[in-house]
Amino acid sequence: MKKEIVIGENDAGQRLDRFLLKLFPALKSGIINKAVRGKDIKLNGKRTEISCRLAKNDTVYIFLPDSLLETKKDEDNFMAAKDDLTVIYEDENILLADKEQGLVVHCDESGTADTLINRIKKYLFLKGEYFPENEQSFTPSLCNRIDKNTGGIVIAAKNAESLRILNEKIKNRELTKKYLCIVIGKPNKNEDLLTAFLERDMTLKQVRISDKKTPDNLTVKTKYKVMDSCGELSLLEVELLTGRTHQIRAHMAYIGHPLLGDGKYGINRINTKYGFKMQALYSYKLKFDFAGDSGILNYLNKKEYTVKNVPFIAKYEQIKENVIRKDKRK
C-alpha cells in the first residue's frame, strides 16, 4: 500500500534514511536501503538516495507493508506532568527553564512522567505552540542536561533548526555556563583553573579523578572563584571548560573540597549537620558566545541570562549569620 508523507518545516534538512528510522520504529536500515534501491521509496515521485537531504514540502512515497509503517506512539504522557515550570527566557525558537533540584530532565528508571521535558511539552501544548499530531519526527527537545539533584538553567529547542544549531554550538563550546556551589572548606587559592583526568565507573554510576592520563580517562578543566567563606564552608562560582559527567562534584572532592549535600562524593556527617540532602550546585548563569554564524539564532549572540533566586543561597546566608553570632560571643 502506498503511503505519502509531506515534509514539514521541522522535518527538513534531515537525511531520508534517518527521518524514516525516527518515524517508523519497525523499519531498519537494511529494509530502507533495499526499498530505496528497489524504488519502493521515492522522493517527489522519482528515484532517490538514502543520503538525500529532505526539503520542506517534499513528498516521500513509500510502498511497503503497513506493519512496517506504524508510527511511534507518544510514550511520554506529557500531560501527566506537573504544571510547575519556571521560565527564565522564551521566544519563538527556544525556552530557558530553571530546573528545580530533585526533578529529572528525562524519563529515568523510575518511569515517572513528571520530567522537565514533559513539563515543557505540556506548557507549550497548553499555550497552543506544540501539537504532537502535527509533527512527524520532532518534539520540543532539551539541548543540555543537568543531574537530577542539580538545579538551574536548561535550554529547550522549540523547532528542529534551533535544536540543530544549539547542538552544534554546545559541541563547539560556544556557550558559557557558570555554576554556584557550596563546598566544604576553603580552597588555598581564591581563583584557579584545575586540570585533571576523569574516568567513569558504570557499575558504581560515579566517576574517578586522577592526575595521570590513561587510555581510559578524559581531560577535565574546571575554573573556580571563591565568592565568600564562612566557618567550614565556602561559596564558589564555577565554570566548566569541559563538560563531563559529575565533573564539578568529583573535581572539587578530589582537591579536598567536596560539595555540601553531595551524598556520592561528599562528607555525610557535614551534610547532615547543615541539613543538606542534595548537592548545593546550581547552573545559574548562561551566556551565548557564538563564534560564527548562528542562522535563525544570531540574535542571541552575547546575551546572558541569570537565575535570580538560587534556592540554597538563603540557607548559606543563614549559616553565615549563625557563624558570625557565635564568633561575637567568643
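Colleague: Is D17 buried or exposed?

Modeller: This is a predicted model, and in it D17 lies in helix α1, which covers residues 16–23. A residue counts as buried when its relative accessible area is under 20%. The relative accessible area of D17 is 12%, so D17 is buried.

Colleague: Which residues does D17 touch, not counting residues up to four places away in sequence?

Modeller: D17 and I32 are 15 residues apart in sequence, while their C-alpha atoms are 6.7 Å apart in space. A contact requires heavy atoms within 4.5 Å. With residues up to four places away left out, D17 touches I32 and I50.

Colleague: How many helices and strands are there in the chain?

Modeller: The chain has 330 residues, of which 44% count as buried. Its C-alpha trace spans about 85 × 45 × 40 Å along the principal axes. The elements in the chain are seven helices and 14 strands.

Colleague: What share of the contacts with a separation of 6 or more comes from residues 24 or more positions apart?

Modeller: Contacts here are pairs with heavy atoms within 4.5 Å. Among those in the chain with a separation of 6 or more, the share that joins residues 24 or more positions apart is 65%.

Colleague: How far apart are the mean positions of the positive and negative charges of the chain?

Modeller: The chain carries 59 positive and 46 negative charges.

Colleague: Which residues of α4 are buried?

Modeller: Helix α4 runs over residues 160–171, and its 12 residues reach 16 Å from first C-alpha to last, close to the 16 Å expected. An α-helix has 3.6 residues a turn, so residues three or four places apart point the same way. In α4, the buried residues are A160, S162, L163, I165, L166 and K169.

Colleague: Which strands are included in what covers the buried residues of α4?

Modeller: The buried residues in question include L163 and L166. Their cover, taken together with that of the other buried residues of α4, includes β5 (94–99), β6 (141–142), β7 (151–157), β8 (175–184) and β13 (281–288).

Colleague: Is H246 buried or exposed?

Modeller: H246 is found in the loop between β12 (233–240) and α5 (247–254). Its phi is near 55°, a positive value in a residue other than glycine. With a relative accessible area of 13%, H246 is buried.

Colleague: What is the phi of N44?

Modeller: N44 has its place in the loop between β2 (41–43) and β3 (59–63). At 40% relative accessibility, N44 counts as partly exposed. N44 is not a glycine, yet its phi is positive, at about 55°.

Colleague: How far apart in space are F131 and K121, C-alpha to C-alpha?

Modeller: F131 sits in the loop between α3 (116–127) and β6. F131 counts as partly exposed, at 33% relative accessibility. F131 and K121 are 10 residues apart in sequence, and their C-alpha distance in space is 9.3 Å.

How values were computed
Residues are numbered from 1 along each chain as its sequence is written. This is a predicted model: local features need pLDDT of at least 70, side-chain atom pairs count only at pLDDT 80 or more; totals for chains, interfaces and linings use all residues. Side-chain values use heavy atoms; hydrogens and water are left out. Helices (H or I, at least four residues) and strands (E, at least two) are DSSP runs, numbered from the N terminus. Buried means under 20% relative accessible area, exposed over 50%, partly exposed in between (1.4 Å probe, protein chains only). Lys and Arg count as positive and Asp and Glu as negative; His and the chain ends are not counted. The place of a charge is taken as NZ of Lys, CZ of Arg, CG of Asp or CD of Glu. The expected span of a helix is 1.5 Å times one less than its number of residues.
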